[in-house]
Amino acid sequence: MRIRALAAGCAALAVVTLPATPGAAAVTVGAGSSTSVAVPATAGTPSAAPGPAASAPTAVPCPKAVAPKVVRSPKPTPPPPVPEHRVVGGDALATPGLIVPPGVAAPPEVTATSWLVADLDTGEVLGGCGPHEYATPASVQKLLLAATMLPKLDPAQVVTVTREDLDIAPGSSAVGLLPGGRYRVETLWLGLLLQSGNEAANALARLGGGTAGLAGGVRAMNEQARSLGAWQTHAVTPSGLDAPGQFTSAYDLALIARVCFADPVFRRYALTERTRIPAQKALRGRGFEIQNENELVYRYPGALGGKTGFTDYARHTYVGAAERDGRRLVVTLLGAEPRPKRGWEQGTALLDWGFALPRQASVGRLVEPGESDVEPSPAVSADAAPPAGAASARPAGTASTASGPGAGMFVALAVGALAITLAVLAARRSPPPRHMDDLGA
């Protein structure tokens, strides 16, 4: 009896203390699709809530073109994912893989690590690949600057460029503005959107930042991103030059681009093929002409314009929009390589795919400005790394992936110990059992 009681107590202790095997969550691919493929959970996956076992599908791989191998610096570490941010626009968008409407033709193969196609007018998302995955923006970040500052700045105002405005990375894209030069704000916008001028970005952010200058401009950009529901976007530089903690997503870029293309002034700037930067006679600087670097403007019927980008970290990034048969679509892509197709060519291939889909096709939608009330993540700010040895913060209600014992483990140990104690006491109250040899067998 005593042995049985001890064995029962130990079994109870083992049962309550053994960690549950985490289950994998189901992923729905495509609006209305219910295809699922079960996969085993990986280490570190949060434990599922008690309930019936559910199958868990893998993410559908995105069609990938083979890109040449390149040597690059390590990418900055993105902030921890926030589940509430990944479902902005629809639950189906919370996938690192492909999401398209059921029954449609497969999208073209591209080298971009993430992309999205959406309708500028209805806001319907036609498809995407990892639409809420963090990525570095490069110069497509200038669209957030435009969405923030275009309504604030008078295009006819004449402003003076400072030496601080020209504080940009050596060899990075610039218009050729002169310190002390006087230019119309409209000229700065054209230099920003046609030539991706980083000094123009600094000047515009400084002007729009008021008394706080450039820092105030960047702060306003982040406030604008939050108001649009672009919770995965955080600006550190107004130009998109790489900086720690600076990220965006394909979905967020579509939200930002939608605001830009709703502005007729932006559309005029984005479709400008060439313009002239005026001479600065007081500085003995000659005038010169600049051209639009976005090949979509020249080569794609119905083009509305967009923005190119490139840095070592971000690789090639792209935003482009076009109109066909009264339908306006936008494409955003991040982390692309220029071969076998350049960024804008990958964009046009995805636009062609989007225009071929039925108008009612949808896997989600672009939220309206001010609609999303998701609070910022309580996780460590993307601006700074956590102190050495500090545990990573996580949203309330999520399971810890730490390997150490938690409160649940200690409760289980206490319950098991109590069970053993009660069993031993019960065994002491009853006479000891006799074995077969005690009976004289």
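Within helix H5, the buried residues are Asn198, Glu199, Ala200, Ala201, Asn202, Ala203, Leu204, Ala205 and Gly208. Here buried means under 20% relative accessible area, exposed means over 50%, and partly exposed lies in between, using a 1.4 Å probe and protein chains only. Helices (H or I, at least four residues) and strands (E, at least two) are DSSP runs, numbered from the N terminus. Because nine of the eleven residues of H5 (residues 198-208) are buried, this helix is largely enclosed by the rest of the structure. Its buried residues are covered by elements that include H3, H4 and helix H6 (213-228). Glycine 210, which follows H5, has a positive phi near 65°.

The model is a predicted one, in which local features need pLDDT of at least 70, side-chain atom pairs count only at pLDDT 80 or more, and totals for chains, interfaces and linings use all residues. Residues are numbered from 1 along each chain as its sequence is written, and side-chain values use heavy atoms, with hydrogens and water left out.

Helix H3, one of the elements covering H5, is itself mostly covered, with eight of its eight residues buried. These are Lys142, Leu143, Leu144, Leu145, Ala146, Ala147, Thr148 and Met149. The loop between strand E3 (124-129) and helix H3 (142-149) holds alanine 138. The phi of alanine 138 is near 55°, a positive value in a residue other than glycine. Alanine 138 counts as buried, because its relative accessibility is 0%.

Aspartate 325 also has a phi near 55°, positive in a residue other than glycine. It sits in the loop between strand E9 (315-324) and E10. With 69% relative accessibility, aspartate 325 counts as exposed. Another backbone feature is found at arginine 339 and proline 340, which are joined by a cis peptide bond with omega of about 10°. Proline 340 belongs to the loop between strand E10 (327-336) and helix H10 (343-356).

Turning to the chain as a whole, eleven helices and eleven strands are present. Of the 441 residues, 45% are buried. A contact means heavy atoms within 4.5 Å. Among contacts in the chain with a separation of 6 or more, 70% are between residues 24 or more positions apart.

The largest nonpolar core has 65 residues, and those with the most contacts inside it are Trp189, Tyr251 and Phe266. Such a core is a set of buried Ala, Val, Leu, Ile, Met, Phe, Trp, Tyr and Cys residues joined through side-chain atoms within 4.5 Å. Helix H7 (residues 250-261) gives the largest share of this core, nine residues. Leaving aside residues up to four places away in sequence, tyrosine 251 touches Val88, Gly89, Leu93, Leu116, Val125, Pro131, His132, Arg365, Leu366 and Val367. A second, separate core of 25 residues includes Val110, Ala303, Leu350 and Phe355.

Threonine 275 is part of strand E6 (residues 274-277). Its relative accessible area is 18%, so threonine 275 is buried. Beyond residues up to four places away in sequence, threonine 275 touches Leu190, Leu194, Phe288, Glu289 and Ile290.

Rolling a probe the size of a water molecule over the atoms shows where empty space is left. A search of the whole structure finds one cavity of 30 Å³ or more. On a 1 Å grid over the protein atoms alone, a cavity is a set of points where a 1.4 Å probe fits but cannot get out, and lining residues have an atom within 4 Å of a point. Grid points are joined across faces, edges and corners, and the volume is the space filled by probe spheres set on the points. The largest cavity holds about 40 Å³ of space. Its lining consists of Leu193, Leu194, Gln195, Ser196, Asn292, Glu293, Asn294, Gly306, Lys307 and Thr308.

Finally, confidence is given by pLDDT, the predictor's confidence in each residue, from 0 to 100. The mean pLDDT of the protein chain is 80, and 71% of its residues reach 70 or more. Residues 377-413 have pLDDT below 50, and this stretch makes 28 contacts in the model beyond near neighbours in sequence. Residues 426-441 are likewise below 50, with six contacts of this kind. Where pLDDT is low, the predicted coordinates should not be read in detail.

Notes: On a 1 Å grid over the protein atoms alone, a cavity is a set of points where a 1.4 Å probe fits but cannot get out, and a pocket is an open set with protein on both sides within 12 Å along at least five of seven lines; lining residues have an atom within 4 Å of a point.
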